[in-house]
Amino acid sequence: YLKEKLKELTSVDHSRFYTVPNALNDYILAITEPAVQTGVMYRGSGTHKLDCESVKDALLNISRETPITFYGHCPDFIEQSMYEFTHIHWTGSITGYYGSLSQRLNSVMVVPLLSNEFNRCKSNIAWIEGTFAGAAVLAPAFEEFAKVDGIMTYDTQEVFELNALEMIKNTDFCKQMWQKSKDYINANLLLSKINPLRLEIFENVINL
């Protein structure tokens, strides 16, 4: 989506546009096993405030059923609610962040995003990190997520809530979705496989 938007906005040679996907750094990380506990997690910075508010009622209803663990940003409406939650503050340490994810404590990761051009231009890195954390991922039905068989998608707040609650109840389904995601990432989105694409682009530029 990002590539196509840039094509619309530029008049340069579009044949030289490349999309290099985000990938899991398999030089130091590996996807191991599915989550060891049933639960819901969210990861994101304060820049996602409006994204979270787009599913405010759903997140509150989910919180009524099970506590949500928030990595980074925790919405005000969650902090001010009567429901239990966990807030893991972002410390700036990427090592500590991935260390927390590797504990595999939540079977479901939710990725709420407003439907706009900016969000549609984003990568699916949240899904990659969720899979690393052992979770099945619920994300918007944007092209970047919908193209992967192992991602549960939503298009309305009502579907977001319904799918999240169903996933919480069905651990076997979550493990199946997680396995599909793991297989896809290991086959297509490891940094050791993606970096050669970057090198090829650099070499093409140098040889112009």
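Residues are numbered from 1 along each chain as its sequence is written. In this predicted model, local features need pLDDT of at least 70, side-chain atom pairs count only at pLDDT 80 or more, totals for chains, interfaces and linings use all residues, and side-chain values use heavy atoms, with hydrogens and water left out.

Q: Why is threonine 131 called buried?
A: Buried means under 20% relative accessible area, exposed over 50% and partly exposed in between (1.4 Å probe, protein chains only). Threonine 131 has a relative accessible area of 0%, so threonine 131 is buried.

Q: Where does threonine 131 lie, and which residues does threonine 131 touch?
A: Threonine 131 is part of helix H7 (residues 125-132); helices (H or I, at least four residues) and strands (E, at least two) are DSSP runs, numbered from the N terminus. Leaving aside residues up to four places away in sequence, threonine 131 touches Ile31, Val137, Trp178, Ser181, Lys182 and Ile185, where contact means heavy atoms within 4.5 Å.

Q: What makes serine 63 count as buried or exposed?
A: The relative accessibility of serine 63 is 6%, so serine 63 counts as buried. Serine 63 lies in helix H3 (residues 56-65) and touches Ile68, Ile78 and Tyr83, residues up to four places away in sequence not being counted. Serine 63 is 18 residues from serine 81 in sequence, and their C-alpha atoms are 9.2 Å apart in space.

Q: How do you know which residues line the largest pocket?
A: On a 1 Å grid over the protein atoms alone, a cavity is a set of points where a 1.4 Å probe fits but cannot get out, and a pocket is an open set with protein on both sides within 12 Å along at least five of seven lines; lining residues have an atom within 4 Å of a point. The largest pocket has 22 lining residues, with Tyr1, Leu2, Thr19, Pro21 and Glu144 nearest its centre. Helix H1 (2-9) gives the most to this lining, four residues.

Q: What are the classes of the residues lining the second largest pocket?
A: Ala, Val, Leu, Ile, Met, Phe, Trp, Tyr, Cys and Pro count as nonpolar, Asp, Glu, Lys and Arg as charged, and the others, Gly among them, as polar. The lining of the second largest pocket has three nonpolar, five polar and two charged residues. Among them are Arg43, Trp90 and Glu129.
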